[in-house]
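Try each task before you read its solution.

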Amino acid sequence: MTNSIADSAQTDLFLMIGSNPDTSHPTIGLRVHQAVDRGAKLIVVDPRRTKLADRADLWLRIKPGTDVAFLNGLMHIILEEDLWDKRFVEERTEDFDYLVSKIKKYDPDLVEKITGLAKNDLYRAARMYAAEGRHAIYHGMGITHYVTGTDRVKSIANLAMLCGKVGVPGGGCNPLRGQNNVQGACDMGALFNTLPGYVSVSDESLFDRYEKIWKVKLPRRPGKPATEVWDNINKGEIRGLYIFGEDPAVADANISHVQGALEKIDFLLVQDIFLTETAKMADVVLPAACYAEKDGTFTSTERRVQRVRKAVNPPGEAKPDWQIFCELSTRLGYPMEYSSAEEIFQEISTILPQYKGITYERLEKVGLQWPVPSQDHPGTPVLHTKTFTRGRGLFVPEDYIPPVELPDEDYPLSFTTGRDLARYNFSSMTGKTPEINVISPECFAEVNPADAEKFGITDGSWVRLTSRRGSVEMRAKITDRSQEGTIFATYNHLETLVNLLTLDALDRLSRTPEYKLCAIKVEVLDEQ
Amino acid sequence: MKILVNGTPVVAESGMTILEAARSAGHYIPTLCSVDGKNSDKPCGLCCVELVGREGLVLACSTSVEEGMEVVTDSEAVKKSRQEQLTRLAETHFGDCKAPCNLTCPGQINVQGYIAHVAMGEYEEAVRLVMERNPLPFSVGRVCPRFCETRCRRILVDEPVSINHLKRFVADWCLANKVKLKISRESVTGKKIAVIGGGPTGLTAAYYLARRGHDVTIFEAAPELGGMLRYGIPDYKIPRDILDYEINTILSMGIAVKTGLKWGRDFTLEKLTDQGFAAQLITIGAPLDIPLEIQGADLPMVIPSLKFLRDINTGKAGKYGKRAAVIGGSNTAMEVARCLIRQGVDEVTIIHPRPKTEMSANQRTIREAENEGVQFLLMADPVDISQGSHGMNLVLTRMRLGEPDSRGIRLPEPVPGSNIILEVDSVVYALGQMTFAEAAEGGHLEESLELTPKKNLKANPRTALTNLVGVYAAGDATGGPKTVIQSVVAGRRAAENIHSQVMDVERDAGENRFNFSRGRSFDDVDLKNFAGINVKLREKMPERPPEICSQDFDEIKLGFTENMARQEARRCLSCGCSAYDRCDLKRLCLDHGVDPNKTGMGTVPLYTKDLNHPVIAVDLNKCIFCQRCMNSCEYDALQVTATSFDEQDRPVGLQLIFNDKCTNCGKCVDNCSTGALNKKDAIVPIVNEEVRSVRTTCPYCGAGCQLSLKVKGDTLMEVGAEPDLAPNYGALCVKGRFGNKFVQHRDRLTKPLIRTRRGGKLVEASWDEALTLIAHKFADLKAMYGADSLAGFSCARATNEENFLMQKFMRTAIGTNNIDHCARL
């Protein structure tokens, strides 16, 4: 997030796009609701009728996968009606002319056709967002889980810069990150294309620096993203895989493909707290401590670095992951000797400029939001208040590319997924609380009433959903929360592996799969 | 503006209430209803304060500050008014603070708590909870007379819960599953403490002293530890391997042991003091039999019971012939008789001068002895033994009950001329035990130890201190033989007292007697309490039939299966309040000296418990209408209402309704001022155990909510949030507050697993084996196919430190950039 969660108290207008915080980020959703209670305006762009959509001043039920066209369309109107922030564009940005030239063709007629949104609503949304005030864009996996995820994120940034909504409290572009420490894992350089602190693997001088600190020759060849590893295994290029705390056998897109690769690999090492589906396929499984059994830090979606504290001992012989890495690394001839998580953090803060001023002592009461360039710096609740990281904000307009797999004769419906409030991922953790199984006993295929009639589906009947990659069976729920032509299901039930259906086509830059949209067909099953 | 609170200046903003202003300056004003700036429709009245220069009291929660206001928060008038308000609220509060089982247990073990752990399948936690107060769950779980079960409220429905069998089950489960309990020790104190005698009292004391960080040495005269548990109680009750495991668990706290050293012979108290022991605890038990003082008691086959049992338990049993008599009616006598049966004696007769019902032995044990073929010759007393031609002649006189004495007790008296002769091959007598024949021996300190008239050590029952400085005594050595659980209590109390004395710290406050109760005796308990509870008889303990088990020394009772234990634990009615440790009503009553036992409390249930909410249990019998649940809810998801109010403004016809806005977040429960709202999964009451609050970050989504983990010992009990901490300011979702059962879930991985051949099974391995295999595989693949043939996935749910090390590991030790995580998944 460029801004903070607490900022919502100052926001005059929320543009929620591809995000349903009521289920995915409940305490953030709560703040948005409370802001709306006190009178903040709300635009929701979502194919699904979410709780916030019910309360929105304007709910735009967009056709799934057409967000770039929509965002470009808004900018087209804003330019056409001269609603853009000239001063901000002048002082803070670059390549405005290129933006104008690219946006030109996204006139409301075209955008209406692509997105299915009425021209009137497009105008209304554009005028509301571009008006005076602290206006924040929030987005979630409904934006990024597409082959065009990066294009969408860029388009959101273009829109915010065009209207001068960045760098002010209550505004900004606010991706709501899924996992508790996905922000931190990225900051730490657990990525194939960046070293810790977002140093690109092509930055030779920084490689020199890291080599000096770590006293080792580092590989300068680019790495393979996680989503491509499966193909690489099938091709025999990757032969050993070390999976730490992930369960790709159920969580990745198109899991039949993943499982095939996991069966093929020469050596699979899994380190986890439970014997997950992936761990069951491993050659070695190492028992790890969970969050309550170790010290450390997580970095939240608002870039807040916060302490994780040991409360109880790990069960049996399980160990904190960091100790396992140290022992393994030492055995492989690169000794790692840390006596505590804090000692590792000290190394992190010497390497990462964003973390430079952070110490465990400073995190004792409240976390700090990076960048924290020095020990007396109070942290940064709002990014880009004066300049952007690169200086001027660069407009990077992108053209609309349609989703990979659109409905056709054989697979006439679209399929999309989302999160269940009471559950997390595939429930390896939440599923251990019996009450949660009472709240959310199963997952449903949510079918729009019109589709129900068309395909002869009744409420509660069993259906089989089939994509080009696989099938799953579940019960149907007839609800207008789903858009006509689209079936929605949550992805949190281990018994109903919706990722047998999902599509593993990848974004050309980030290599994110198109989780959120694929084509399916539906069959009604006999009573089970 | 400025105001004065108890004479101290406080800066307040205009518009603030007195309560807010005082709180912001750190002045405490109690309240039961104020939350998030809102109060109950019927304010609790606890926040009353006096304003200098004004008549009467005002409510701090609803009075705004004014410039120069002088507030007094603790005057006599204020205190009196608060007492009146608390009395008023307590009069209709209905429930049990503590469960009767807990109140009855001599060890004050949190019985309801460990049963709840069993019901949830958390056996390791159950054992840890038992071991807060009893480090001998294996033994006590086998031999306890079960005081708790006599008061179990389930008796009013059908039968008491089989509490003791559950304790035994969890202990045995930990043994079978090789659980290491990892009980933590406090930091090292540097104090050396000697425990003389390694029986149940000594072991218990050593355990709690070691937990406190002391350097403890047990001195034991016998070759092995255990005392009566090992040398007195036969194998068929406590098998040796079980006892060894139990003792080893205690010793794993880091306790030194010196066996084969007898006090008075091999060392003296003075010598221990010279060796730097800051305190010496004598727990030698009562190892001597009270002698049989009749003619012929010195014949070789007339054996004292403790010698007999020791011989049996150390494999030195002799030949006892075909006929044996056992003199005495104690538990020891019963065990002697049962051992004789197992030694192949055909006729074993217990001789006792009173009726069977007046034997001191447990009736259950008497029945078991009888079932195994032991005979009883009652109302008979030995007078003489002599060697005859066919064994010994044991002369008995018949007894009858005399006239009642002044206390109404009918003592047995001999019937003149009624002598009979019993021909026996051996006689074992169990007439009671004592500590010393004459006095303690060894040195001048020993000789100066004061004894009781019954030749036990004299020690202050509260402090365990003898007449000598630094010398303590506890257990059977001070009061004669008692049950194992009573020895445990004695050992624990002595340990606590020694700790406070050697460290010069206050002793932990004893249990307060404050208790709301649904009825002290069974007659007081309204049967409406049990409406809707179906009869479900207790699980039957599987045991070997007497005719088989009396042939050998193998254990008779086989223990509950896991399924039986879970079923039995679910029979618990959970009488005690699971809000015991957080109840504000109780805390404020205690603070203000209001004792509802004197001032009054609810006596009948007016409302049935509502269990319809998926995560919250509602018991309006405990509701005091503070409305904090409703006023703290961020979703406007519940309403608590009353149809009317009585003359004292207490609610009548309470109703609490959740609407469909409820997100199951549970914040209302955390704000409940009593136990009216409870988390359904928080069924383990925290009674006297020390609780820590650990602040941490939620492991689920990216919002980064701050959590407070409530931790008892090594057990995560509950999750809450602090209202003043960014970013969530006390708000959590259902996952944050309830989704934490996985931490202690038994499916957790506890050992490395390896698959030695493709298609084979994953089997447990040591860390060394697993790491060696991994290092070998990685090195091989790297050598054959290059570093880029290896790839790693890091974890967006793990810490920064771990992600940092994982990528560092892949880039340095392996040498590839094939490192990634699910950032885009």
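Predicted model: local features only at pLDDT ≥ 70, side-chain atom pairs only at ≥ 80, totals over all residues.

Residues are numbered from 1 along each chain as its sequence is written, while chains are lettered from A and ligands numbered from 1 in the order in which they are written.

**Exercise 1. Find the domains of chain B, then state what distance separates the centres of domain 1 and domain 5.**

Step 1. The assignment for chain B lists domain 1 (2–74), domain 2 (184–287 + 435–507), domain 3 (290–430), domain 4 (622–744) and domain 5 (753–824).
Step 2. Taken over C-alpha atoms, the centres of domain 1 of chain B and domain 5 of chain B are separated by 61 Å.

**Exercise 2. Describe the confidence and overall build of chain A.**

Step 1. Start with pLDDT, the predictor's confidence in each residue, from 0 to 100. Chain A averages 93, and 100% of its residues score at least 70.
Step 2. Next, look at the elements: helices (H or I, at least four residues) and strands (E, at least two) are DSSP runs, numbered from the N terminus. Confidence in chain A is lowest in strand 8 (residues 199–200), with a mean of 80, and highest in strand 11 (residues 284–287), at 98.
Step 3. Chain A has 19 helices and 21 strands. Its radius of gyration is 24 Å, close to the 24 Å that the globule rule gives for 528 residues, so chain A is as compact as a globular protein of that length. Here the radius is taken over C-alpha atoms, and the rule is 2.2 Å times the number of residues to the power 0.38.
Step 4. The C-alpha trace of chain A spans about 65 × 65 × 45 Å along its principal axes.

**Exercise 3. Work out how strand 1 of chain A is placed: which strands pair with it, and are its residues buried or exposed?**

Step 1. Apply the cut-offs: a residue is buried if 20 or more other C-beta atoms lie within 10 Å of its own, exposed if 12 or fewer, and partly exposed in between, with C-beta atoms placed from the backbone. In strand 1 (residues 13–17) of chain A, five of the five residues are buried.
Step 2. In a regular strand the side chains alternate between the two faces of the sheet. On one side of strand 1 of chain A are A:Leu13, A:Leu15 and A:Ile17, on the other A:Phe14 and A:Met16, and all are buried.
Step 3. Two strands pair if DSSP finds at least two bridges between them. Strand 1 of chain A runs parallel to strand 5 (residues 135–139) of chain A over five bridges, with A:Leu13 opposite A:His135.
Step 4. Strand 1 of chain A is also joined to strand 2 (residues 41–45) of chain A by five bridges, again parallel; there A:Leu15 has A:Ile43 as its bridge partner.

**Exercise 4. Characterise the contact between chain A and chain B.**

Step 1. Count residues in contact, meaning that their C-beta atoms, placed from the backbone, lie within 7 Å. Chain A supplies 116 residues and chain B 99 residues.
Step 2. On the chain A side, the largest share, seven residues, comes from helix 16 (residues 321–331) of chain A.
Step 3. That side of chain A divides into 65 nonpolar, 29 polar and 22 charged residues. Ala, Val, Leu, Ile, Met, Phe, Trp, Tyr, Cys and Pro count as nonpolar, Asp, Glu, Lys and Arg as charged, and the others, Gly among them, as polar.
Step 4. Strand 11 of chain A and strand 29 (residues 753–755) of chain B run antiparallel, joined by two bridges; A:Val284 has B:Ile754 as its bridge partner.

**Exercise 5. Inspect the backbone at A:Pro371, A:Asp95 and A:Ser427.**

Step 1. The peptide bond from A:Trp370 to A:Pro371 is cis, with omega near 0°. A:Pro371 sits in the loop between strand 14 (368–369) and strand 15 (393–394) of chain A.
Step 2. A:Asp95 is not a glycine, yet has a positive phi of about 70°. With 16 other C-beta atoms within 10 Å, A:Asp95 is partly exposed.
Step 3. A:Ser427, also not a glycine, has a positive phi of about 70°. A:Ser427 is buried, with 22 other C-beta atoms within 10 Å.

Conventions
Contact = placed C-beta atoms within 7 Å. Domains from an automatic or database assignment.
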